[in-house]
Amino acid sequence: MHELSICRNIVELAQQHADGCQVQRLQLAVGKLTAVMPDALKFCFEALSQGTLLADARLEIMEIDGLAQCAVCGLDFTMPVSGARCACGATAYRILTGQELKITELELKRELS
Amino acid sequence: MCTTCGCADNAQLTVTRMHGPKSATDHGTHLHFPRDTRTRQLELDVLGKNDRSAAENRALFARQNMRALNLVSSPGSGKTTLLERTLSDLAGELPMAVIEGDQHTLTDARRIRATGAPVVQLNTGAGCHLEAEMLGLGLTELQAAAGSLIFIENVGNLVCPALFDLGEEAKVVVLSVTEGDDKPQKYPHMFRAARLMLINKIDLLPYVNFDVQACIAAARQINPDIEVLELSATQGAGLAAWYDWLRAGRLTQPAEVAREATA
């Protein structure tokens with residue numbers, strides 16, 4: 001259940017960047033190659049956000065597909081969790097996307113005067 | 001959904017007692033405050049804190065001319081037995097030290113201490129993996145000699161430790177033949193993160209239904225570059241190749257390179 005410690009980091013980081021405001025929505029980018037389960041994150045977030053600036057925040061998770069670039073022919077191809085090789089047969093590649101684990105947006109409540 | 005304007009998101013609604021004349025944006029009891037929130041665009045790496053600690057560990061290893069290997073596997077694959085044997089067989093040849101990770105007990109650290117190697121036990125409690133900051137505390141306690149080869153025995157778990165860089169030069173995944181040859185497909189993240197796969201307990205191959213070649217093919221489907229050694233930590237088969245791998249210092253590519261590629 002590494003999602004618990006990941007969520008601790010999320011709540012801590014978000015609070016540092018919230019300017020003391022209540023957070024209404026937190027957008028998270030989660031790559032599909034990261035071994036992080038969105039449902040487990042949501043479960044942990046519910047528990048860990050209590051009593052913080054994120055207590056009422058909606059967690060919005062953007063899942064990002066794995067994409068790799070072939071080191072031989074340069075073609076981009078989809079990289080599923082189970083692994084893949086380029087259509088040209090080469091097995092050398094560079095992962096382009098799918099390993100993200102980032103907070104990308106915070107929606108902060110303004111104080112109404 | 002609001003039938004007046006078609007807005008859908010009730011979570012955005014804030015109810016405030018209004019004073020003064022009715023404004024153009026309120027209708028009935030449904031009040032709009034289009035400016036009541038602001039959105040901040042960010043690029044905050046959730047694991048940034050761990051990665052910074054890992055970088056500190058890596059810098060320490062570099063300063064002290066140490067090499068560190070992160071041993072990962074499911075519980076019961078034989079990591080501790082392999083370490084006992086390795087520490088005994090290579091004692092006197094190169095300085096070695098061990099950081100043991102388990103949820104509870106000092107059992108593994110006692111086994112390692114019996115070999116004479118310096119060892120520190122990290123108990124994570126409910127934690128399912130080691131994090132870089134924990135390792136840093138362990139290293140401070142360990143006070144290993146400069147030039148040491150540090151073995152980090154992670155918590156037995158094929159999922160969570162894949163994600164946490166500790167500052168090691170490589171992850172070594174241990175898989176025993178009693179676990180089944182389909183482990184790489186079932187736990188792809190770990191096999192993608194590892195530099196070397198050790199197939200352990202090969203002395204038991206005659207008694208179990210384990211296809212070594214199928215297992216290697218499955219691991220390379222996920223990680224084409226993964227190196228593979230087959231051995232038996234209890235019977236000694238294949239250990240010479242493992243020791244050669246350690247001696248060769250084939251630990252030239254820091255684990256952080258993979259992460260940087262997508263940063």
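**Exercise 1. The sheet of chain B**

In which order do the seven strands of the open sheet in chain B stand, and what is the sense of their pairing?

Solution. The structure is a predicted model.

Step 1. The strands follow the order β6-β5-β7-β4-β8-β9-β10 in chain B, and the pairing is parallel.

Step 2. Look at the ends of that order. β6 (119-123) and β10 of chain B are the edge strands, each with a single partner strand, so one side of each has no neighbour in the sheet.

**Exercise 2. From strand to strand**

Solution. 

Step 1. Strand β4 (residues 67-72) of chain B pairs with β8(B) in the parallel sense over four bridges. Here B:Leu71 stands opposite B:Val172 of β8(B).

Step 2. Strand β8 (residues 170-176) of chain B is joined to β9(B) by five bridges, and the two run parallel. B:Ser176 has B:Asn200 in β9(B) as its bridge partner.

Step 3. β9(B) is joined to strand β10 (residues 227-230) of chain B by four bridges, again running parallel. The bridge partner of B:Met197 is B:Val228 in β10(B).

Step 4. Check how covered β9 is. Of the five residues in strand β9 (residues 196-200) of chain B, four are buried.

**Exercise 3. Helices on the sheet of chain B**

Which strands of chain B does helix α2 (residues 79-89) of chain B lie across?

Solution. 

Step 1. Helix α2 of chain B lies across β4, β5 (96-102), β7 (149-153), β8 and β9 of chain B, and runs at about 160° to β7(B).

Step 2. Compare helix α4 (residues 132-142) of chain B. This helix packs on the sheet and touches β5, β6 and β7 of chain B, with a direction at about 150° to that of β6(B).

**Exercise 4. A sheet with strands from two chains**

Which strands make up the open sheet of four strands, and in what order?

Solution. 

Step 1. The order is β2(A)-β1(A)-β6(A)-β3(B), with mixed pairing.

Step 2. Find the edges. β2 (58-64) of chain A and β3 (37-45) of chain B each have a single partner strand, so one side of each is left without a neighbour in the sheet. From one strand to the next the twist averages 15°.

Step 3. Place the helix. Helix α1 (residues 3-16) of chain A packs on this sheet, touching β1 and β6 (101-109) of chain A together with β3 of chain B, and its direction makes about 45° with that of β6(A).

Step 4. Sort the pairs by sense. Strand β1 (residues 23-31) of chain A pairs with β2(A) in the parallel sense over seven bridges, and A:Val30 has A:Glu63 in β2(A) as its bridge partner. β6(A) and β3(B) pair in the antiparallel sense over seven bridges; in β3(B), B:Thr37 is the bridge partner of A:Lys109.

**Exercise 5. The contact between the chains**

Solution. 

Step 1. Chain B brings 31 residues and chain A brings 33 residues.

Step 2. In chain B, β3, α6 (188-193) and α7 (212-222) each supply at least two residues of the side that touches chain A. The largest share of that side, nine residues, comes from β3(B).

Step 3. The residues of this side of chain B divide into 14 nonpolar, nine polar and eight charged.

Methods
Residues numbered from 1 in each chain as written. Chains lettered and ligands numbered in written order. Predicted model: local features only at pLDDT ≥ 70, side-chain atom pairs only at ≥ 80, totals over all residues. Pairing = 2+ DSSP bridges. Axes fitted to C-alpha atoms, helices over the stretch in contact; angles between N-to-C directions. Contact = placed C-beta atoms within 7 Å. Nonpolar A, V, L, I, M, F, W, Y, C, P; charged D, E, K, R; others polar. Buried ≥ 20, exposed ≤ 12 C-beta atoms within 10 Å, placed from the backbone.
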